[in-house]
Amino acid sequence: EEAGGKVHMIMGSTDFVNLRYMLSTMPSYSYEHLATEDSQARLDERLARMLEEMWEYNEGFEMETRKQLRRNYERFFTKAHLPGAMEFMDYYAPGTELGDWFRSMNTAITINDILFIAGGIHPYYEDVPLDKMNAYHRAEANKDAMFVPVMADVNTGPYVWRGLSSVSNDVPSEKVNGMLADGGYRMMVVGHSPSKYGESLVRHRVVHVDCNFLAPRDQAAYN
C-alpha cells in the first residue's frame with residue numbers, strides 16, 4: 001500500500017473445503033506436529049457425525065448405493081485426515097481471527113472493470129449479481145453441517161469450475177464474451193487450473209494465470 005498497490009483476497013476451493021474441516025488438499029506435514037493424545041478420538045467423532053449426515057443426505061439413492069458411498073467416503077476421510085488435522089482446523093473455527101477473516105471473503109471481485117475469480121463464471125451464474133453470488137458462497141462456507149459433498153458445486157461453482165481453462169471447454173467464446181460485456185467487464189482473470197503460464201484463453205477476454213501446482217511431468221502432460 002505504501003507503494004500504491006493493494007492485495008485483494010478471494011475465496012478459492014481449498015479455502016472453502018478447509019472451512020468445512022475437509023483437509024484433502026492439505027499435506028499432513030502441515031499439521032501432524034499439532035497432534036495430541038486426543039487427536040484420533042476427535043477424528044473418529046468427526047467422521048462418525050459426518051457419516052451420519054451423509055447417510056441422510058443420500059437417502060434418495062438405492063440402499064446398496066448409499067452403503068457404497070458411505071464406504072468410499074470413510075476411506076477417503078481416513079486417508080486424507082491424520083492426527084493433528086482437527087487441531088489444525090481449530091485455527092479456522094468460527095470466532096477465531098483467521099476463521100472469521102476467511103469467512104468474510106468474496107468469491108469474485110471487480111477492479112477497474114476486470115473480473116477476478118478463482119475458477120470462472122459458469123453460464124449458470126451469468127444472470128446472478130456478484131453481491132448475491134458472494135453472499136451465497138459465504139453462507140455455504142459458514143454452514144454448520146458436518147458433511148458437505150466434496151466440491152458439491154464442482155460443475156458450476158465459481159471457486160472451482162475449470163471449464164474456461166480446460167482443453168475440452170464447451171462454452172463458446174461468443175457466450176463468454178457476451179456474458180462479460182453484459183456485466184460491464186472488460187475481461188475476466190482466473191487462476192484455479194494449471195496451464196502454460198501467461199496463457200490467454202477465450203479470445204483474450206479471459207486471462208488464465210497459471211497456478212502451477214502440478215509436478216513438472218504432470219504439468220507437461222496437462223499442457
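## Salt bridges

A salt bridge here is a side-chain nitrogen of Lys or Arg within 4 Å of a carboxyl oxygen of Asp or Glu. By that criterion, this predicted model holds four salt bridges. Opposite charges on side chains can pair when the charged atoms come close.

## A network around R42

R42, E87 and D90 are linked in a network of salt bridges. The side chains of E87 and R42 meet at 3.6 Å, N to O. This pair links distant parts of the chain, with E87 in helix α4 (residues 85-89) and R42 in helix α2, 45 residues apart. The side chains of D90 and R42 meet at 3.0 Å, N to O. D90 lies in the loop between α4 and α5 (97-103) and R42 in helix α2, so this pair ties together parts that are 48 residues apart in sequence.

How do the members of the network differ in exposure? E87 is buried, with a relative accessible area of 10%. R42 is partly exposed at 27% relative accessibility, and D90 is partly exposed at 33%.

## Strands and the helix packed on them

Now for the strands: β2 (residues 114-117) and β3 (residues 187-190) pair in the parallel sense over three bridges. Strand β3 also pairs with β5 (residues 206-208), again parallel and over three bridges. V189 in β3 is a handy landmark: F116 stands opposite V189, and the bridge partner of V189 in β5 is V207.

Helix α7 (residues 173-183) has V176, N177, M179 and L180 buried. Viewed down the axis of α7, these buried residues fall within an arc of 160°, so they line one face of the helix. In an α-helix there are 3.6 residues a turn, so residues three or four places apart point the same way. The buried residues of α7 pack against β2, β3 and β5. After α7 comes G184, with a positive phi near 80°.

## A buried loop residue and a surface patch

Where does N58 sit? N58 is placed in the loop between α2 (39-57) and α3 (63-80). At 7% relative accessibility, N58 counts as buried because the cut-off is under 20%. Apart from neighbours within four places in sequence, N58 is in contact with R66 and L69.

On the surface, V7, M9, Y91, L98 and W101 form a nonpolar patch with about 530 Å² of accessible area together. V7 belongs to the segment before α1 (13-19) and counts as exposed at 68% relative accessibility.

Definitions and conventions
Residues are numbered from 1 along each chain as its sequence is written. This is a predicted model: local features need pLDDT of at least 70, side-chain atom pairs count only at pLDDT 80 or more; totals for chains, interfaces and linings use all residues. Side-chain values use heavy atoms; hydrogens and water are left out. Two strands pair if DSSP finds at least two bridges between them. Helices (H or I, at least four residues) and strands (E, at least two) are DSSP runs, numbered from the N terminus. Buried means under 20% relative accessible area, exposed over 50%, partly exposed in between (1.4 Å probe, protein chains only). The arc is that of the directions from the helix axis to the C-beta atoms. Contact means heavy atoms within 4.5 Å. Patches are made of residues with over 30% relative accessible area and no salt bridge: like charges are joined within 9 Å, nonpolar side chains (Val, Leu, Ile, Met, Phe, Trp, Tyr) within 5 Å. Accessible areas come from the Shrake-Rupley method with a 1.4 Å probe; for residues, only the protein chains shown count as cover.
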